[in-house]
Amino acid sequence: MAKQKTIFSCQQCGFQSPKWLGRCPDCQQWNTLVEEQQLAETKHSRQLTAPGKPQKLTEIDSREEDRLSCGMSELDRTLGGGVVPGSLILVGGDPGIGKSTLLLQAVDRLASAGTALYVTAEESTRQVKLRGERLGVNAEQLFLLAETSLEQIKLRIKELKPDFLVIDSIQTIFTSNLESAPGSVSQVRECAGQLMIQAKGEGLPTFIVGHVTKDGSIAGPRVLEHMVDTVLYFEGDPGHPYRILRAVKNRFGSTNEIGVFEMQEQGLREVRNPSELFLAERPEQSAGSAVVSSLEGSRPILVELQALVSSSSFGTPQRTAIGLDHKRVGLLVAILEKKVELSLAGQDIFLNVAGGVRLDEPAVDLAAIAALASSHLNRVINAQTVIFGEVGLTGEVRAVSQPELRVKEAARLGFNRCVLPQGNLKNLDVPDAMQLIGVRHASEALEAIFT
Ligand code: TYD
Ligand code: MG
């Protein structure tokens, strides 16, 4: 009898080693290696499709694949325009953020175009049904299956031949090929691998739900993220009703696209006009608030930045940034000190993006600087002023991408003054009512803003 081989795999990142190690050399986490049985490689043939033949580039059909709409435009947008047949889509997020709700609503709409199977490996069918009633889910062709064994699930799929499949969640299903517990890296990887073979082989679009571990990564993240076609993260602050669906990987569309939802009593509602929503509760006439026109994927969104600068009662002042990269904020504070000559030493600094949004692009810099200066100087920024621009280390303001889109969105929402990089002014075609103020340096921007 062949000897059973075991291998140690890191439960954080999927790193594998033939011997046990106290610290994973890949992700540097301590005590994450667990002994698991290795699959005999020969057991599985990993042929996805019929053997390929070399084809002439000029003869390859380049038409867009037929995409299926999920009936939720925000979800379609994040997917790059709908579901591609045979694609494997991973939906990650913190527990309780609304992944099951989102997929149940999506699959309800998809079920009008074909048979859909929702495999619920965490909740009973009754629980899902009860939730479905609240959400108004009642598609005729929607099937529920409470099952955790991958072999059983595949058997049912053979019988039912669904057109769409949802697995909720990948961490609770297991294959009997492996002895390790459900949720372990090797189980997650093997199950996802088998689901991928099935998705590609049968052209079955498959959504997989994956929970995120404490530090923000999906269990067995790298292996999973590399396998699937699309990775969507569902994020949001549990204290806020807004949820943002972000594509972090997409083989069939652009990443950086976001979909905005609002969690209500009757489930998730799509937010078509995120700017209006994020600005709805903006305090006017108060210092420390600045509005930035930020680009998320192809869509400009106006968001309020709030800063609070107050003298610290401790030796080491606090620096807190919510929704922005705190290193970037530290850098902006240093620029304010050195290049704009605002004395912020000994001040506690808090910077927050209102509405629980996260902003990652450098175009936010200038607005962050304006909000900080506004709070520190206790001077109000005009409520009809919108600000964007990247700020370099010498305090220079650099041009950003797509200025026209940003300005037009601001104009649409009634803003009439825009402070932007001088380099962005060229050939800008914007409504006449919008006053454009091009600036070259952060101090020039602050002068323009506070006059
Ligand atoms: P759920 O979809 O179960 O989260 P996940 O699958 O990501 O773990 O969502 C659970 C949360 O959503 C729960 O805290 C209650 C809230 N919720 C609503 O506010 N309204 C609703 O209609 C539903 C179904 C859930
Ligand atoms: Mg769930």
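I call a residue buried when its relative accessible area is under 20%, exposed when over 50%, and partly exposed in between, with a 1.4 Å probe and protein chains only. By that rule, buried residues make up 51% of the 451 residues in the chain.

**Ground rules.** I am working on a predicted model, where local features need pLDDT of at least 70, side-chain atom pairs count only at pLDDT 80 or more, and totals for chains, interfaces and linings use all residues. I number residues from 1 along each chain as its sequence is written, letter chains from A and number ligands from 1 in the order written, and take side-chain values from heavy atoms, with hydrogens and water left out.

**Overall fold.** I looked up the secondary structure and found eleven helices and 21 strands. Helices (H or I, at least four residues) and strands (E, at least two) are DSSP runs, numbered from the N terminus. I then boxed the C-alpha atoms along the principal axes and got roughly 80 × 55 × 50 Å. For contacts I used heavy atoms within 4.5 Å. Of the contacts with a separation of 6 or more, 66% are between residues 24 or more positions apart.

I read the accessible surface of the chain as about 21,500 Å², by the Shrake-Rupley method with a 1.4 Å probe. Carbon and sulfur atoms hold 49% of that surface. I counted 47 positive and 54 negative side chains. Lys and Arg count as positive, Asp and Glu as negative; His and the chain ends are not counted. I placed each charge at NZ of Lys, CZ of Arg, CG of Asp or CD of Glu. The centres of the two sets lie 4 Å apart.

Most residues other than glycine have a negative phi, and most peptide bonds are trans. I went looking for exceptions. A cis peptide bond joins D168 and S169, with omega at about 5°. S169 sits in the loop between β7 (164-168) and α5 (185-202). N31 is not a glycine, yet its phi is positive, about 55°. I place N31 in the loop between β2 (16-17) and β3 (33-37). N31 is exposed, at 59% relative accessibility. N378 is exposed, with a relative accessible area of 60%.

**Salt bridges.** Side chains of opposite charge can pair when their charged atoms come close. My cut-off is a side-chain nitrogen of Lys or Arg within 4 Å of a carboxyl oxygen of Asp or Glu. A search of the whole structure gave me 19 salt bridges.

- E123 and R131 meet at 2.9 Å, N to O. E123 is buried at 19%, and R131 is partly exposed at 21%.
- K200 pairs with D229, with the closest N and O atoms 2.6 Å apart. The pair links distant parts of the chain, 29 residues apart: K200 is in helix α5, and D229 is in the loop between α6 (221-227) and β9 (230-235). K200 is partly exposed at 25%, while D229 is buried at 2%.
- R328 pairs with D365, with the closest N and O atoms 2.5 Å apart. R328 lies in helix α8 (residues 326-339) and D365 in helix α9, so this bridge ties together parts 37 residues apart in sequence. R328 is partly exposed at 29%, and D365 is buried at 2%.
- I also noted a network of salt bridges that links E235, R246, E296, R358 and D360.
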